[in-house]
Structure formats: structure tokens, C-alpha cells
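Me: I would like to go through this structure term by term, asking each time what stands behind the word that is used.

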Amino acid sequence: MSRGRRGRRWHALGVPGAVALLLGAPASGDVPPGYPLGLSRVLYEISVPPEGAGSPEVVALGEKLFNDKRLSVDDSVSCATCHEPTRGFVDHKPTSVGVRDQTGKRNSPTILNAMFNADQFWDGRAKTLEDQAKLPILNPIEMGQASPADVEKKLRGIPEYSAAFQRIYGRDVTYDDLAAAIAAFERQHASADSPFDRFVAGDANAIDAPAKRGWALFNGKGRCTSCHAFSTTRGLFSDQKFHNIGIAAHETDFIDLARKSAAIVRSGDVDQIDRLAIETDMSELGRFLVTKQPADIGAFKTPTLRNIVATAPYMHDGSLATLWDVMDHYNKGGVPNPFLDGGMQRLGLTESEIDDMVAFMATLTSDDVAAFGKQELARQRARKNVRPERDTDVAMGKKGNLGDLAPNPDQKNPADLGALPPVPQL
Ligand code: HEC
Ligand code: HEC
């Protein structure tokens, strides 16, 4: 069992809570005992199915499985290899490396608060934590097992597992029970009670002045809340939707890739989509692989921003090394491409405003990862002058008129707002 705040078990809240939710009545007492400040009871109730929480024995089994390299084909990789429990539950590589040193196409997201995701994976190809856990074990470049039957056979041959599954489930190892145990372990990892949560709860001194300015910018000039939505009932900083914010846009011919993939993707074949996402260039199509809707080309899930300093590098491909790089990307309005989300606009943020926004994001670190988060922030700050994504002229609207409402429009001439550049005379 993990210790400290994370180690407590959150109990399903039972029938009265569910009835209150259905009737629209405010849940009494908001936060269940032992549940971290900042994550609401309503969020818990809509996210955790009653049977998904698991008994302490199931959770302990799940933790053992999560950390056990024997789940992989050659005993070299566990879930924890790519989701390191002591380092924010990520691997800190741009993209993850699995069995036989094979490198995938996607960055490892954190397990912290994954229990609240409406969909799992950057493209949402799995709905539940149970469905999610079954995929990496079978992915040829992650854990490399050939089939669920192979995994069952291997674990049945390990007496401690055979006995534990018999004791808990009354039968020998099955793939479904294994996924359920891992999911129950992951559901122990509600992570909040950060300085920001204490600030929202009324402690005005829980965050400093730069972070307060950053929070105002996050809601205002920075436009972040339009996607990283926050409310006291849904305190995740995610709208749980998918957007193209132009991350790999400069390297990708989306139209060509989309045509190729539309021809081969078998809708609903999650194993195939998993392989295309982790192993091929089609990874960049994002949500499109799941829906085949053109509007989803290059769109990825809005990730939570909780514990964000502790989970570098950033984005689905790990292409942004620091939070300053992330801010530079947003400040210039992302990278233009035909499917860029309408919410992406250049922001005209000054250097000190960028520092304030990073300071705000650093207040979203929970106590359980605070020490590591502090170390990470110092490391990122030391790299503050390496800024491959920075383009101040574009960010300030001095260059690259995209037909958008530039940050410093000519207010005296409203007809010019959003005007396209003049057509060059040939
Ligand atoms: C080789 C590295 C690797 C291994 C091993 C691995 N993962 Fe992951 N995990 C990833 C990557 C990369 C993603 C994102 C892939 C994507 O979205 O396409 C991911 C996604 C996830 C997510 C979704 C989180 C979210 O925010 O959407 C969960 C949960 C998760 N992994 C749990 C597990 C569990 C449980 C195991 C073991 C059964 C495991 N992972 C094994 C690398 C790995
Ligand atoms: C149009 C919606 C949208 C807006 C506006 C937006 N984001 Fe995001 N954000 C996303 C999506 C989607 C991703 C993942 C994109 C990807 O990987 O391709 C993301 C990723 C991130 C990440 C990296 C998370 C990780 O785990 O790798 C950070 C940090 C972030 N956003 C912060 C911000 C900040 C700060 C702002 C405001 C300046 C902002 N975002 C505005 C949708 C948005």
C-alpha cells in the first residue's frame, strides 16, 4: 500500500449521496472524510463506479501487479517503468520506451487523478481504467505479451499470484480480474490538497502574489480556462474534450495521413488503434483515429494541470521540455494548421506575465509530490533562457497576421479587426 494521503482508501459514498446527486441537491459536507481538499464528492461519485473502488486486498494486489515486471513478455518492463510512483507517475522521457528498448510515439501521462478522466489515453480510445490497463500489456512495443491467455498462463504459473487471485476472486488469474485490481490501485491516487486548493478554500496566503497574478491571467488574458476548465465541483483543469492546439502541426501532413488512416482503421478495433497510436506516424492524427471525424484531426485530450510541474516533458509527444516552452507555444497562438482549434489565439503575454503563469501552475502541486515538484521547477527555471518555441513578434501581433483579433488591434478602426493581410500585387 502507498502511504500518506494517497494511501487512504476513499469509500464509495453509498446510496444517499447518489440520490442527492440525482435530485440536484448539494452533496452534504462536500468532501468525504480523508478525501483530498479540492476534489469534490460529486466528481468522485460520477467517476468511481461502486464496484471499482476495491477492497484493501484488491488494492494491494493491484499495486503489486502495477510494479511487477513479470507482466511484460521478457520481465523487463512494468507499468511503473513508464509511470514512476516517486516521480509524479510519469517517466520524464519525451516518448516512452518499452520492451527491447523500443520507443513509442506518445508521452506518458500521470496516473495521479486518472481515475477522474472521462476517457483514458490522449485520444480517449479507452473509456475506463480497466479497459485502459489491458492495452499496454499487449502492445508489442510496451509490454509485448501476445494475448490475454498468455498473460493468464504466465501469472497462473507464479504461485503467489495464483493463490492471491484464488483468495480474492475465488478463481485462478483472469485478465479481467487483473485489470480490475490494477484499476482499484489507480483509484487510490486522487491527488489534490495543493497550495492552490488551500487558497480557494479561503487561505489567502497559501499562494504568493505572482501565482495570484498568474491565476488571474489564466482566467483572463491567457484564455486557458476555456479548455482547462476549473470549478469547485470539477477541479481538474480539463474540459475533458479534445482539441487541436497545433503541437506536431509543423511536421505533419494531416490531410495525407488522414486519408491513409481512414482507409485502414477498423472503427471500434481498439487493439488496432492502440498499435497505430503507439507505433506509427498516424499517432499525430489523435482523436481522428477513434472517431474518423475530420474535426478531430490532430486533436488530443485536454490533460489535467494538477501536479503539472512534476510531469515534464509536456504534450502528447513530449515535445515541449518546460512550462516556459508551453507558455511560448500558447503565446504565439499555437502552430497554424487547417484543424487548429478556434480557441487558439495569440496572447500578447509579456515575459513577466509568463513567469506569473508558471508560478500559478506550480501551486497545483499536491503535498504528496511537493518535494519532487520543487526540484523540477528549479530544473525548469534553470533552462528558462533556452526557448525554442518563443516568437515574441508573433505573440505581440507584430508579425504574421493570421486574420485573427491580434492582441493590440487598432481600436479606432473596428473594420480592421481581424482583417486579412492585403493580397500581394503580382
Ligand atoms: C512503455 C511505457 C508504458 C507502460 C509499460 C505502461 N504505460 Fe501507461 N501509458 C504510457 C503512454 C505513452 C501512455 C499514453 C498513450 C496514448 O495516450 O496513446 C499511457 C497511458 C496510460 C493511462 C491513461 C492516462 C490518461 O491520462 O489518459 C493510464 C491510466 C496508464 N497508462 C496506466 C498504465 C498501466 C496500468 C500500465 C500497466 C498495465 C501501463 N500504463 C503501462 C506508457 C506506458
Ligand atoms: C483550445 C483548448 C486549449 C487552450 C485554450 C489551452 N489549452 Fe493547454 N492543452 C490543451 C490540449 C488539447 C493539450 C494537449 C495537446 C497535445 O498534446 O497535443 C494541452 C496541454 C497543455 C499542457 C501540457 C500538459 C501535459 O500534461 O503535457 C499545459 C501545461 C497546458 N496545456 C497549459 C495551458 C495554459 C497555461 C493555457 C493558457 C495559456 C492553455 N493550456 C490553453 C488544450 C488547451
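Me: What makes a residue count as one of the 25 around ligand 2, and which come nearest?
Reply: A residue is near a molecule if its C-beta atom, placed from the backbone, lies within 6 Å of it; 25 residues are around ligand 2, and Cys224, Cys227, Tyr314, His316 and Gly343 come nearest. This is a predicted model, in which local features need pLDDT of at least 70, side-chain atom pairs count only at pLDDT 80 or more, and totals for chains, interfaces and linings use all residues. Residues are numbered from 1 along each chain as its sequence is written, while chains are lettered from A and ligands numbered from 1 in the order in which they are written.

Me: How is the shell around ligand 2 divided by class?
Reply: It has 15 nonpolar, eight polar and two charged residues, where Ala, Val, Leu, Ile, Met, Phe, Trp, Tyr, Cys and Pro count as nonpolar, Asp, Glu, Lys and Arg as charged, and the others, Gly among them, as polar. The largest share of this shell, three residues, comes from H15; helices (H or I, at least four residues) and strands (E, at least two) are DSSP runs, numbered from the N terminus.

Me: Which residues come nearest to ligand 1, and which helix gives the most to its shell?
Reply: Of the 29 residues around ligand 1, Cys79, Cys82, Gly98, Phe121 and Trp122 come nearest. Two or more residues come from each of helix H5 (79-82), helix H6 (129-138) and helix H13 (270-279), and H6 gives the most, with five. By class, this shell has 17 nonpolar, ten polar and two charged residues.

Me: Why is Ile245 called buried?
Reply: A residue is buried if 20 or more other C-beta atoms, placed from the backbone, lie within 10 Å of its own, exposed if 12 or fewer, and partly exposed in between; Ile245 has 22 other C-beta atoms within 10 Å, and is therefore buried. Ile245 is found in the loop between strand S1 (242-243) and helix H12 (254-264). Not counting residues up to four places away in sequence, Ile245 touches Gly334, Asp341 and Met344, contact meaning that the C-beta atoms, placed from the backbone, lie within 7 Å.

Me: How do you know that the length of helix H16 agrees with its number of residues?
Reply: The expected span is 1.5 Å times one less than the number of residues; the twelve residues of H16 (residues 351-362) should therefore span 16 Å, and the end C-alpha atoms are 17 Å apart, which agrees.

Me: What makes H16 mostly covered, and what covers its buried residues?
Reply: Nine of the twelve residues of H16 are buried, among them Glu353, Asp356 and Phe360, and what covers them includes helix H11 (209-219), helix H15 (323-331) and helix H17 (370-382). One of the buried residues of H16 is Val358, which, leaving aside neighbours within four places in sequence, is in contact with Leu323, Trp324 and Met327.

Me: How do you know that the buried residues of H11 are on the same side?
Reply: The buried residues of H11 are Ala211, Gly214, Trp215 and Phe218. They cover an arc (taken from the directions from the helix axis to the C-beta atoms) of only 105°, which puts them on the same side of H11. An α-helix has 3.6 residues a turn, so residues three or four places apart point the same way.

Me: What is meant by the largest nonpolar core, and how many residues has it?
Reply: A nonpolar core is a set of buried Ala, Val, Leu, Ile, Met, Phe, Trp, Tyr and Cys residues joined through C-beta atoms within 7 Å; the largest has 105 residues, and those with the most contacts inside it are Ala181, Ile182, Leu289, Met327, Val358 and Met361. Helix H9 (residues 175-186) gives the largest share of this core, eight residues.

How values were computed:
Contact = placed C-beta atoms within 7 Å.
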